[in-house]
Amino acid sequence: MKDFHLENSEDHTDRHFQGQQKAERVNFSCRRHPVVLFPIATVWLLLSMVLVMGMSLTVSRGNFTDNAWLQGLFLAQAMVLIGLQHVFFLKLINYHLEVIVVTNYRLIDMEKSLFMQDDKEIIDLHEIQDTKKVQAGIWANLLNYGDLMLTVSSSSLGPTTLHDLPNPEYYLNQINAAKRHYIVDRRKQKVATTVGGISPIQHPLSQRFEVIEELNNPL
Amino acid sequence: MTTPIAVAALLFSLFSALFCIWAVVRLYGYKRLYSFEGMQECHLLGFISLRRIVWSYGGIIFVMSLLISVIFFL
């Protein structure tokens, strides 16, 4: 989790991620819980141990240099072992590339891998209608991770789910706070476009001419 | 000993090392996408940084490729 405290007046274009807008500030970013790496880490550890033991036994045989079958067996084990290292480390790197960023305007879910995937989903904060936290199961409650389901007004495909977030309660509150701030900011911007906080259209007819005069001569 | 198996082992080692270099080059190309420190110096479980993962990846692949080549050619 990363918190950002930046000045409003700064130009933030492409500052923290590609596509960031000028007045867009990053509220926080997060990744999935490390527990998602547990299955691949277990397989990697166990299989690596077995393969290293197998390779040691193969080489330690007295006739390894003369026996083509033993050499082939050793090479096959080595190929599986090296392939396993590639898969494991690419999974670790891909884990770091999948990021959720929440700014003062929108939520960006980036699902990216080095070779296979490059997805990006952007949800405007004002489009989020409901947020729901799902933290089911013993491990999810012990290790404090879970899913956040966001109901988006413009989507007809059902809620958008952010899977396996660490400390989902915190992020639920953060997203709600960001949404509230965004709505308040939009209202302030709308009010700021009027003079004195009141739109000329909403004025009584007697005051409307004064407001139009102010608009024409702001100083 | 220069047997077909030894040549295959050498070629596989070379291919593996090149793939590793390609992956790391692609990863560093992503610096433009995630330009803030939180994205680059991100930590897994509080202490495993992406930099350490990349160095471990390169180191393990390099050592294993070298080991296979040594076993077959010495």
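**Conventions.** I number residues from 1 along each chain as its sequence is written, and chains are lettered from A in the order in which they are written. In this predicted model, local features need pLDDT of at least 70, side-chain atom pairs count only at pLDDT 80 or more, and totals for chains, interfaces and linings use all residues, while side-chain values use heavy atoms, with hydrogens and water left out.

**Chain A, overall.** I looked up the elements and found five helices and eight strands (DSSP runs, numbered from the N terminus: helices are H or I with at least four residues, strands are E with at least two). From the N terminus on, their order is β-β-α-α-β-β-β-β-α-β-β-α-α. Of the 219 residues in chain A, 38% are buried (under 20% relative accessible area; exposed is over 50%, partly exposed in between; 1.4 Å probe, protein chains only). I then took the contacts (heavy atoms within 4.5 Å) with a separation of 6 or more: residues 24 or more positions apart account for 47% of these in chain A. The accessible surface of chain A is about 12,800 Å², 58% of it from carbon and sulfur atoms (Shrake-Rupley method, 1.4 Å probe; for residues, only the protein chains shown count as cover).

**Helix H1 of chain A.** This helix covers residues 38–60, has 23 residues and reaches 33 Å from first C-alpha to last, close to the 33 Å expected at 1.5 Å a residue (the expected span is 1.5 Å times one less than the number of residues). I list its buried residues as Ile40(A), Ser48(A), Leu51(A), Gly54(A), Met55(A) and Thr58(A). Their cover includes helix H2 (68–97) of chain A.

**Interface of A and B.** I find 39 residues of chain A in contact with 37 residues of chain B. The buried area between them is about 3,500 Å², with 79% given by carbon and sulfur atoms (accessible area, 1.4 Å probe, that two parts lose on being put together, summed over both). I looked for salt bridges across this interface and the rule finds zero (side-chain nitrogen of Lys or Arg within 4 Å of a carboxyl oxygen of Asp or Glu).

**Two residues of chain B.** Val7(B) lies in helix H1 (residues 4–29) of chain B and is partly exposed, at 36% relative accessible area. I note that Val7(B) forms a nonpolar surface patch with Leu11(B), Leu14(B), Leu18(B), Ile21(B) and Val25(B), about 580 Å² of accessible area together. (Patches take residues with over 30% relative accessible area and no salt bridge; like charges are joined within 9 Å, nonpolar side chains (Val, Leu, Ile, Met, Phe, Trp, Tyr) within 5 Å.) Ser69(B) sits in helix H3 (residues 50–73) of chain B and is buried, at 16%. Not counting residues up to four places away in sequence, Ser69(B) touches Leu10(B) and Ser13(B).
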